[in-house]
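Hi there,

Here is the structure I promised to pass on to you. Have a look, and below it you will find my notes.

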Amino acid sequence: MPLPRLRIAMSTEDLRPGLQQIRAEFEIPRGFPADVEAEARAIDADGAGSGRPERADHRHLPFVTIDPPGSKDLDQAFFAERAKGGYRVHYAIADVAPFVPPEGAIDREAWRRGLTRYLPDGKAPLHPTALSDDRASLLPDVDRPALLWTIDLDASGAVQESRLEPTVVRSLRAYSYAEVQSALDSGSAEEPLRHLREIGRILEAREVERDGVSLNLPSREVARVGSGYVFRYERVLPVEQWNAQISLLAGHCAATIMLEGGIGVLRTLPPVDRRRRATLERAAKGLGIEWPNKASLGDVVRGQDGSTPESAAFLTQATHALRGAGYTVVGEGADGAGAMEHGALRMKYAHVTAPLRRLVDRYANEIVVSLCAGKPVPDWAAKGLPNLPETMADADRRSDAVEAAVLNLAESLVLAPHVGSTFRATVIDAEEDHARIMLRDPPVVEKVKADGVELGTMVEVRLVEADPARRSITFELA
């Protein structure tokens, strides 16, 4: 379940005790074991020929990367052009497998970690930074091994043909989202970036047609104001959504290829059931979010940009309705075609675009590139498939727990000066003697002791405790 993105704008000293406690409590590593670092240093640094006997050359294509400012672990590079009455999308993905010897020290540590964890005081990467932030990263102005998606779309955005192949690329520039958005808004963007906007909008329209849901959660910045802290909201830029649509496109093509080949691993999610939808509808009513009678969840979500406390609160609650995401191995544990679908995206989908930061992507990419080449899937990739769902589920749980702890720390810092104050809140769930309430501002979700309260109603609650040292927040009905 995704959590709201959180950025911290306060001194390190403000956060240091709480973050140190979180790192210790969740056993977040600061570095890598000596054997992992030694293996990383020993791996051939010649990116142009890294680990594959046959590799094409696409250094002539003017790729760019688009990421948050300061990012070094660059998984994807983009270029697009008009072709065949539609578009040809070139999407380069970091080719990580040649840098990770099967069953070696890096591989074993990656299986222990599962994914990169991000905290306000730094990340705990999946791979040693010599690889993730350097030799395997699609940094600008250097030749890099990559797996290249070539995806032909017609004018409506329907996939006509797709393939994945090993190649070499050379990114021309590392853009931030804000830089690209500014260039597009001012009319100074180069043609490939204008194509990104055109293709992104077309793919968004297709998502609406199939009633898919992409949750674009706003960033929450914790900023000091006087002697206390407040949450500020930063809406998702349109270019972030268009870039995400390209990633979803590649994931859909990968899922299709793996299903046709009879081997692979998909990202799956059960559809939202009636109870969770009803709960979300009542929460929307309490927050003043309009939900027309015939509107779908996707319709309502797309109408929110997260720029207000109420909108941010609704999108946060929507993440709870989209629970149960996991990984399903093709041909195993799937009861019918519906079990292989992502219930929010309303399509077949696989994680393949973040191999520097997510273990499963390296395996899915190796399977897809083998199927596209008509070659057998390597033994290491096939052998790893049965254990990936459980390993990734455990990694997701640990990552969610860390993110929730950081969010609790931030919320307790914001609320600490207001102990004894009353807040308006919406009842978003009710049990026998407890209710889950969501404050309107800040959009904090907590339990309170309560009998007989109805879902969707507004209540007043008093803040009894907000202790950053224990990340503890307690409310009572006022």
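Phe79 stands opposite His90 in strand β4. Strands here are DSSP E runs of at least two residues and helices are H or I runs of at least four, numbered from the N terminus. The partner strand β3 (residues 76–83) runs antiparallel to β4, and 8 bridges join them; two strands count as paired if DSSP finds at least two bridges between them. In the hairpin of β3 and β4, 2 residues lie between the strands, and Lys84 takes a positive phi near 50 degrees.

A word on the source: this is a predicted model, where local features need pLDDT of at least 70 and side-chain atom pairs count only at pLDDT 80 or more, while totals for chains, interfaces and linings use all residues. Residues are numbered from 1 along each chain as its sequence is written, and side-chain values use heavy atoms, leaving out hydrogens and water.

β4 also pairs with strand β7 (residues 143–153), again antiparallel, over 8 bridges, with Tyr87 opposite Leu153 in β7. Because 8 of the 9 residues of β4 (residues 86–94) are buried, this strand is largely enclosed by the rest of the structure. Buried means under 20% relative accessible area, exposed over 50%, and partly exposed in between (1.4 Å probe, protein chains only).

The other spot to look at is Val414, in helix α13 (residues 388–415). Val414 has 5% relative accessibility, so it counts as buried. Leaving aside residues up to four places away in sequence, Val414 touches Val222, Tyr229, Val230, Phe231 and Pro442, where contact means heavy atoms within 4.5 Å.

Best wishes
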